Amino acid sequence: MSTFIQTTLMLVVSNLFMTFAWYGHLKNLNHRAWYLAALLSWGIALFEYLVQVPANRLGYTTISLPQLTVLQEVVTLSVVVTFALFYMGQ
């Protein structure tokens, strides 16, 4: 599997964790205190970083920083739109 594909897949996984950390609590924890949602989100974000940092390091071996940044943004928008449509129902 190419480095670009590996990087892209890792960024998709990372962004799934990120999106759930940022927005999942709006659906699942809206009846709980905000600080509980924040603590859970931080816990989820740990897994995001455990995938995102290696993805960026791997990607940077074959593509430039601007290309890596654009790839990250495309992945983020794709994941957030999918999350909003299918998970949040919006």
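Start by selecting residues 3-28, helix α1, and residues 65-87, helix α3. The two helices pack with their axes 8 Å apart, at an angle of about 45 degrees. That angle makes α1 oblique to α3. Keep in mind that you are viewing a predicted model.

Stay on this pair. Which hand does the crossing of α1 and α3 have? Here α1 passes α3 in a right-handed crossing. Now colour the contact of α1 with α3 by residue type. Its residues divide into 14 nonpolar, 8 polar and 1 charged.

**Zoom out**

Show the whole protein chain as a cartoon. How many helices and strands are there? The protein chain has 3 helices and 0 strands. Trace the protein chain from the N terminus, and the elements run α-α-α. Along the principal axes, the C-alpha atoms fill a box of roughly 45 × 25 × 20 Å.

**Next pair: α1 and α2**

Two values describe a packed pair of helices: the angle between the axes and the distance between them. For α1 and α2, the axes come within 8 Å. They cross at roughly 165 degrees. Are α1 and α2 roughly parallel or roughly antiparallel? An angle over 145 degrees counts as roughly antiparallel, so α1 and α2 are roughly antiparallel to each other.

The crossing of α1 and α2 is left-handed. In the contact of α1 with α2, the residues divide into 14 nonpolar, 9 polar and 1 charged.

**Last stop: the surface**

Then move across to α2. Helix α2 gives the most to the nonpolar patch, with 3 residues.

How values were computed: Residues are numbered from 1 along each chain as its sequence is written. This is a predicted model: local features need pLDDT of at least 70, side-chain atom pairs count only at pLDDT 80 or more; totals for chains, interfaces and linings use all residues. Side-chain values use heavy atoms; hydrogens and water are left out. Axes are lines fitted to C-alpha atoms, for helices over the stretch in contact, and angles run from 0 to 180 degrees between N-to-C directions. Helices (H or I, at least four residues) and strands (E, at least two) are DSSP runs, numbered from the N terminus. Angles under 35 degrees count as roughly parallel, over 145 as roughly antiparallel, 65 to 115 as roughly perpendicular and the rest as oblique. A crossing is left-handed if the near helix is turned anticlockwise from the far one by less than a right angle, and right-handed if clockwise. Ala, Val, Leu, Ile, Met, Phe, Trp, Tyr, Cys and Pro count as nonpolar, Asp, Glu, Lys and Arg as charged, and the others, Gly among them, as polar.
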